[in-house]
Amino acid sequence: MAGVSVLPVEVLLSRRVQEMVLNGEEPPPPYICRDGDDTTEDVSSPSSLQIPIIDLSLLSSSTLCAKEEELEKIKSALCSWGCFQAIGHGIPNSFLEKIRKVGREFFEQPMEEKKKQAKGVEEFEGYGADPVPAEGQPLDWSDRIFLDVYPEDRRKPKFWPESPASFREVLEEYTVKVKIVTELVSKAMAKSLNLEENCFLNQFGEKGVLQARFNYYSRCPRPDLVLGLKPHADGSGYTIILQDDVEGLQVLKDDQWVTVPSIPHALLVLMGDQMEIMTNGVFKSPVHRVLANSERERISVAVFYTPEANKEIGPEDGLIDEERPKLFKKVKDYADIHWDYYQKGLRAIHTAKLHNMAGASLLPAELLLSKRVQERFLNGEEPPLRYICKDRDTTKDVFSPSPQIPIIDLSLLSSSTPWAKEEEFEKLKSALCSWGCFQAIGHGISSSFLDKIRQVARAFFEQPMEEKKKLAKGVGEFEGYGADPIPAEGLPLDWSDRLFLPVFPEDRKNLKFWPESPESFRDVLEEYTVQMKRITELISKAMAKSLNLEENCFLNQFGERAQLSARFNYYSPCPRPDLVLGLKPHADGSGHTIILQDEVEGLQVLKNDQWVTVPTIPHALLVLIGDHTEIMTNGVFKSPVHRVLTNSERERMSVAVFFYPEPDKEIGPEDGLVNEERPKLFKKVKGYHTIHLEHYLKGMRAIHTAKV
């Protein structure tokens, strides 16, 4: 964007978002976390997903059936959603208006007044923004004042505003009222699970901590690029949130973002990781986020309820049995662990886990990766703990109805009919601007030969394990048969095996990793490499022409010794497709990737915050843009995030070929795509593939490292 700041994050955080908005500034790059194509609307289909509403007053009803029904609703809500909207909570509407009012009045004061309560960049309590996150993590488009409110000896009066005059008094009264609500909710949760009503309160302790966070989400000129609050799950026991009349908070449910409606005077009760631990995984700690809004500011007040310091918490004994073994160990000061992971954009709940299922392995990742997924499947094993990465109710495409990934007929790009050629170029440009991928037909590779490449791949993976392991890679290596190198702690392993081989230029081939069985493997792969090289040149020229650039401009950036690497993927059937992924979400670091699928679906692309399944079209090739091309096109073409689901009934195979610039070649935005309306968004980079891999193994995107 024109005029974007390139100041260090520490300097940016010393200025408030509210100041930037008042000055008419665009969001600086460290705030950018979305690709500009996704919408800010609730993506769930209308009325299909409603956050449960619980009337807390019915929990003390003299009518037994009404009380029992509401307890059952609480249990259902927290097992499925991990949150509910609480009405009948006993806090008068007029008082809730008071707490909103003092919050709004504080943020509407001149900046000099608010900065009397300012925190340091690395501090937490006070007015400002959260401390600087890890490299690659975006900043939140919001300001907040964070205050310890209970026990009283934790309060720091220097951070409590003296203006507006009623702020302190109102917050003190709100603390008393919320404490009553936490006691009511904690007892109700216990009763809903047939536990002794004080069991959770005992775990929180007599000095259970309450912390208040007043959030101010300024209007944003580019809500398609930023978030008010990035996706995360809370590290509290649970959180009680008072919203205003502007919607923006969203909860992730069944892989869909569901907007939390603003119900006048309701309180949203949201489970944190520590309640998930105490309930042995029965109640869920949901991932949530806050959208930005271009027209209205938004205010909320969140109160976090956390066990007292140094208090050890763990699963309640009454929730552990043979059918549901103990899933979590006892933990102390979990909120500190959670914060370390939150700053890296990661969840921390895995650090408290013992078993995800009976017999789950606790072996180090190095030992786990020395045994292949295919072996585990053949032995009838459940996925070990390090493979667990999600808790999903379904592995289906979550779109309803599903949009279609564009189909491009490459043969029309050389058509003698001008209008047909121009139309296909326009479709290509539209596909890569919007989706970052397309299904290629008319590519010139015969159907019979594509069947051959699938056949040799299947024949390789169907061999005895001893035969495949002749080509085994080391745990920390990349080339050869096995799995990707070990990712950072907290990131899951992929439920897949693969054979990774550099195939061009010739001197990059390491034939000790090329299978001799099946006999035809090498010949078929060499012929496939020739065909892939032809198609990468065709596509690179077509992309340039679609943008009215000289047709060889991208090929010149890739260089004469541009690299091709082939990856044969084998996704074994998985007994728990609801818990693991064949390939975790990521964007490719290549220029572009060409993928040949088999007839089993599983690959999904993230589009407008929804996962879209890539259909299997016989003998089509999926062309997927990588970060290098996003950089070369100055962000015009997008490098999409994608993943692979697992399947409980059928194995799946694919062959991906990655096209990279030659190693020492510097690449950057094409001059013809840089102008006043679209300034230069990326700097020139060299060796980006290495940077991408380092970030990929940490579960992070690397594209920000190339941004101006």
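Author: Cys 199 counts as buried, because its relative accessibility is 9% and the cut-off for buried is under 20%. The model in view is a predicted one. A disulfide here would need two cysteine sulfur atoms within 2.5 Å, and by this rule the count is zero. Cys 199 is accordingly in no disulfide. The nearest cysteine sulfur to that of Cys 199 belongs to Cys 79, and it is 14 Å away. Cys 220 is likewise a buried residue, with a relative accessible area of 1%. For the sulfur of Cys 220, the closest cysteine sulfur is in Cys 33, at 9.7 Å, which is too far for a bond.

Next come the helices, taken in pairs. Helix α4 covers residues 93–108 and helix α6 covers residues 167–192. Their axes lie 10 Å apart, and the helices pack at an angle of about 135°. An angle of that value makes α4 oblique to α6. The crossing of α4 over α6 is left-handed. On the α4 side, the contact is made by Phe 95, Leu 96, Lys 98, Ile 99, Val 102 and Phe 106. On the α6 side, the residues are Phe 167, Val 170, Leu 171, Glu 173, Tyr 174 and Lys 177. Sorted by class, the contact of α4 with α6 holds nine nonpolar residues, three charged ones and no polar ones.

A second pair lies further along the chain. Helix α13, residues 447–461, packs with helix α15, residues 521–546, at an angle of about 140° and with the axes 10 Å apart. The angle makes α13 oblique to α15, and α13 passes α15 in a left-handed crossing. From α13, the residues that take part are Phe 449, Leu 450, Lys 452, Ile 453, Val 456 and Phe 460. They meet Phe 521, Val 524, Leu 525, Glu 527 and Tyr 528 in α15. The classes in the contact of α13 with α15 are nine nonpolar, two charged and no polar residues.

Helix α15 also has a contact with helix α12, residues 418–434. The axes of α12 and α15 come within 9 Å and cross at roughly 90°, so the helices are roughly perpendicular to each other. In α12 the residues of this contact are Phe 425, Leu 428, Lys 429 and Leu 432, and in α15 they are Ala 542, Met 543, Lys 545 and Ser 546. By class, the contact of α12 with α15 divides into five nonpolar, two charged and one polar.

Two single residues remain. Lys 371 sits in the loop between α10 (365–369) and α11 (373–378). Its relative accessibility of 25% makes Lys 371 partly exposed. If neighbours within four places in sequence are left aside, Lys 371 is in contact with Arg 376, Asn 379, Glu 381 and Tyr 387. From Lys 371 to Ala 266 the separation is 105 residues in sequence and 51 Å in space, C-alpha to C-alpha.

Thr 613 belongs to strand β23, residues 610–613. Thr 613 is buried, since its relative accessible area is 14%. The C-alpha atom of Thr 613 is 44 Å from that of Val 209, and the two residues are 404 residues apart along the chain.

Methods:
Residues numbered from 1 in each chain as written. Predicted model: local features only at pLDDT ≥ 70, side-chain atom pairs only at ≥ 80, totals over all residues. Heavy atoms only, no water. Buried < 20%, exposed > 50% of the residue type's maximum accessible area, 1.4 Å probe, protein only. Axes fitted to C-alpha atoms, helices over the stretch in contact; angles between N-to-C directions. Helix = DSSP H or I, 4+ residues; strand = E, 2+ residues; numbered from the N terminus. Parallel < 35°, antiparallel > 145°, perpendicular 65-115°, else oblique. Left-handed = near helix turned anticlockwise from the far one by under 90°. Contact = heavy atoms within 4.5 Å. Nonpolar A, V, L, I, M, F, W, Y, C, P; charged D, E, K, R; others polar.
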